[in-house]
Amino acid sequence: RYFGVSPILLTDRQRQVIHQIYFQQRTQREVSRVFGITEPAVSKCISQAKQKMRRNAGRLTGVLQKGE
């Protein structure tokens with residue numbers, strides 16, 4: 001648990017793709033080759049992960065404000 005709430009529930013694939021794109025600075029084409037999926041599948045994975053993070057951001061923000 002993080003800050004008293006469950007962690008954002010990203011799939012393993014979503015976490016790996018996000019890590020490759022944003023922390024390893026890889027292109028979607030490179031990521032698609034690493035995971036053996038199409039570029040549109042990488043794009044969809046990123047979009048779904050961002051959507052989950054946005055939906056859960058409010059819960060985390062509320063908990064952080066209470067802890068201050």
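Start by selecting Gln 14 in helix 1 (helices are DSSP runs of H or I, at least four residues, numbered from the N terminus). Show what surrounds Gln 14: leaving aside neighbours within four places in sequence, the contacts (heavy atoms within 4.5 Å) are Leu 9, Cys 45, Gln 48, Ala 49 and Lys 52. This is a predicted model, where local features need pLDDT of at least 70, side-chain atom pairs count only at pLDDT 80 or more, and totals for chains, interfaces and linings use all residues. Residues are numbered from 1 along each chain as its sequence is written, and side-chain values use heavy atoms, with hydrogens and water left out.

Is Gln 14 buried or exposed? Buried, with a relative accessible area of 4%; the cut-off for buried is under 20%, using a 1.4 Å probe and protein chains only. Now draw the link from the Gln 14 side chain to that of Lys 52, a polar contact of 3.2 Å (a pair of N or O atoms within 3.5 Å, one able to donate a hydrogen and the other to accept it; residues adjacent in sequence count only if both atoms are side-chain atoms).

Next, select Leu 10, Val 17, Ile 18, Ile 21, Val 31, Val 42, Cys 45, Ile 46 and Ala 49, the largest nonpolar core (buried Ala, Val, Leu, Ile, Met, Phe, Trp, Tyr and Cys residues joined through side-chain atoms within 4.5 Å). Helix 1 (12–23) and helix 3 (39–67) each give two or more residues to this core, and helix 3 has the largest share, four.

Click on Val 31: beyond four places in sequence, this residue touches Val 17, Gln 20, Ile 21, Arg 26 and Val 42.

Finally, zoom out: the chain runs α-α-α, and 21% of its 68 residues count as buried.

Note on methods
Buried means under 20% relative accessible area, exposed over 50%, partly exposed in between (1.4 Å probe, protein chains only).
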